[in-house]
Amino acid sequence: MVKRDYYDLLGIDSSASLEEIKRAYRRLAHRYHPDKNPNNPSSEEQFRLITEAYEALQDAGKRSAYDRQGPSPGR
């Protein structure tokens, strides 16, 4: 199983502020959004992954848990 690092997916450092996380997500979401890349399954998968990373890192509780546990297998 592959371990996915949310910080790497968003292209940010683990000490990034909430504003930096939001900025990185928006930049990538704009790039990989399925509406901008119709019929491109790899783009859809990348969009799903960056959304998952953003949802985990923008919430203080989830981010703290992620930082303690690290990347989980298959996520």
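This is a dialogue on reading the features of one predicted model.

Biologist: How many helices and strands does the protein have?

Modeller: Helices (H or I, at least four residues) and strands (E, at least two) are DSSP runs, numbered from the N terminus. Here there are 4 helices and 0 strands, and the pattern along the sequence is α-α-α-α.

Biologist: How does the radius of gyration of the protein relate to that of a compact globule?

Modeller: The radius is taken over C-alpha atoms, and the globule rule is 2.2 Å times the number of residues to the power 0.38. For 75 residues the rule gives a value near 11 Å, and the protein has 12 Å, which agrees. Along the principal axes, the C-alpha atoms fill a box of roughly 35 × 30 × 15 Å.

Biologist: What share of the residues is buried?

Modeller: Buried means under 20% relative accessible area, exposed over 50%, and partly exposed in between (1.4 Å probe, protein chains only). Buried residues make up 32% of the 75 residues. The accessible surface, from the Shrake-Rupley method with a 1.4 Å probe, comes to about 5100 Å², and 47% of that surface belongs to carbon and sulfur atoms.

Biologist: Which residues have the most contacts inside the largest nonpolar core?

Modeller: In soluble globular proteins, nonpolar side chains tend to be buried together. A nonpolar core is a set of buried Ala, Val, Leu, Ile, Met, Phe, Trp, Tyr and Cys residues joined through side-chain atoms within 4.5 Å. The largest core here has 19 residues, and those with the most contacts inside it are Tyr-6, Leu-10, Ile-12, Ile-21, Tyr-25, Ile-50 and Leu-57. Two or more residues come from each of helix H1 (6-10), helix H2 (18-32) and helix H3 (41-58). H3 gives the most, with 7 residues.

Biologist: What share of the contacts joins residues at least 24 apart?

Modeller: Contact means heavy atoms within 4.5 Å. Among contacts between residues at least 6 apart in sequence, 62% join residues at least 24 apart. As a case, Ile-21 touches Leu-10, Ile-12, Ala-16, Tyr-54, Leu-57 and Arg-63, not counting residues up to four places away in sequence.

Biologist: Is Tyr-7 buried or exposed?

Modeller: Tyr-7, in helix H1, counts as buried because its relative accessibility is 6%. Leaving out residues up to four places away in sequence, Tyr-7 touches Ile-12, Asp-13, Ser-14, Leu-57, Arg-63, Tyr-66 and Asp-67.

Biologist: Which residues does Leu-9 contact?

Modeller: Leu-9 is also found in helix H1 and counts as buried at 18% relative accessibility. Its contacts, apart from neighbours within four places in sequence, are Arg-4, Leu-28, Gln-46, Leu-49, Ile-50 and Ala-53. Between Leu-9 and Gly-61, 52 residues apart in sequence, the C-alpha to C-alpha distance is 19 Å.

Biologist: Is Glu-52 buried or exposed?

Modeller: Glu-52 lies in helix H3 and is buried, with a relative accessible area of 18%. Glu-52 and Leu-10 are 42 residues apart in sequence and 10 Å apart in space, C-alpha to C-alpha.

Biologist: Where does Asp-5 lie?

Modeller: Asp-5 lies in the segment before H1 and counts as partly exposed, at 25% relative accessibility. Beyond residues up to four places away in sequence, Asp-5 touches Tyr-66 and Pro-71.

Biologist: What is the phi of Asn-39?

Modeller: Most residues other than glycine have a negative phi. The phi of Asn-39 is near 60°, a positive value in a residue other than glycine. Asn-39 lies in the loop between H2 and H3 and is exposed, with a relative accessible area of 77%.

Note on methods. Residues numbered from 1 in each chain as written. Predicted model: local features only at pLDDT ≥ 70, side-chain atom pairs only at ≥ 80, totals over all residues. Heavy atoms only, no water.
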